[in-house]
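Please take me through the features of this model one at a time. I would like the general idea behind each before the case itself.

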Amino acid sequence: MGAYRDQSALIAMSGGVDSSAAAYLMQEAGFRCQGATMRLLEWDDGRNAADAEAVCRRLDIPFTTLDLAREFGVAVMEKFVQVYQAGGTPNPCVDCNRCMKFSKLMEAAEAMGLCYVATGHYARVDQDPRSGRWLLKKALDAGRDQSYFLYTLTQRQLSRICFPLGGMEKRQVRELAGRLGFVNAQRKDSQDICFIPDGDYGAFIESYTGKSLSAGDFLDQEGRIVGQHRGAARYTLGQRKGLGLSLGEPVYVCGKDMAANTVTVGPERALYAWEILVEDLNWIAVEGLDGSMRVNAKTRSRQREQEAELFPETGGRVRIVFDQPQRAVTPGQAAVFYDGDSVVGGGTIVEVWKEDGHEL
């Protein structure tokens, strides 16, 4: 951070304990700070902004609200609906980080004459002394690490981002907030998508589009009708609960045909895949892929990293071949590659080849 003589930062204030602690730590490090809450939802009740503003008053730093609801609706909510309608499973937190939290915050910081953007994410930024490339690294608290959701960060963004909590544990953050008397010191972390707090994706899609999801057929792996579903977009690969089927053995969603409005179910063994295709790549630790590369890969945020090999494909895409078959790898989700603690890069899963050779 010494590259800039003006040690100033825009602090992304969500109203939660993490971003509040981040603001304090940046101030303690000698930064001139400006707090900002992004208003992302038209129906926002203002509680988050009020809590963030209270923390900023406590720290005696200025506060502002950035009204980005229209942009969020287009970049995140609309894409969420489109990916589900196409048969995939979107990752709105990745899209929000890419399109909103860092691009829009960086623009706001520059407009305010501030050099850095700081957030309460659990991750770390470093610079490779040999290549000079900026690196995104895992947080020291493995249970809180959010590097998976941050793989879209560019070199320019990484050079201007601070993650003050990257070397801390969550309990230390709460203890710090308690000592400082922050109003949100014991506030629970949100586990839901912010625009679907009840977790009912199907109801949200219907409300957003103004159209009801059409019922259709559940099929077994031989194509025989075994029941009726409530709209293919309601179901995700690997889902077992909520199917309403009684077939004598547990079955899982293992495929969807959106054009035919059918959902295929089968035994758990039908969920496993060896290879996947990824596009829309962002590379961090390297400039790109010009040959095969051994990595550890994750296809879900909470998944344990899996040994795999990357192979470059046409159009800038990458094929991933896992050492062991992977369960319920889902188009639309992110595949993120690691080398030790560093994020090599990542992209969006577009094709999955199951163990039987069939494409998902």
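This is a predicted model: local features need pLDDT of at least 70, side-chain atom pairs count only at pLDDT 80 or more; totals for chains, interfaces and linings use all residues.

Q: How many helices and strands does the chain have?
A: Helices (H or I, at least four residues) and strands (E, at least two) are DSSP runs numbered from the N terminus, and here the chain has eight helices and 17 strands. Its radius of gyration, taken over C-alpha atoms, is 22 Å, close to the 21 Å that the globule rule (2.2 Å times the number of residues to the power 0.38) gives for 360 residues, so the chain is as compact as a globular protein of that length.

Q: In which order do the strands of the open sheet lie?
A: Two strands pair if DSSP finds at least two bridges between them; in this open sheet five strands follow the order E3-E2-E1-E4-E7, with parallel pairing. The edge strands, E3 (63-67) and E7 (161-162), each pair on one side only. Strand E2 (residues 32-39) pairs with E3 over five bridges, and Ala 36 stands opposite Thr 64 in E3.

Q: Which residues of helix H5 are buried?
A: Buried means under 20% relative accessible area (1.4 Å probe, protein chains only), and in H5 (residues 103-111) this holds for Ser 103, Leu 105, Met 106, Ala 108 and Ala 109. Just after H5, Gly 113 takes a positive phi of about 75°.

Methods. Residues are numbered from 1 along each chain as its sequence is written. Side-chain values use heavy atoms; hydrogens and water are left out. Buried means under 20% relative accessible area, exposed over 50%, partly exposed in between (1.4 Å probe, protein chains only).
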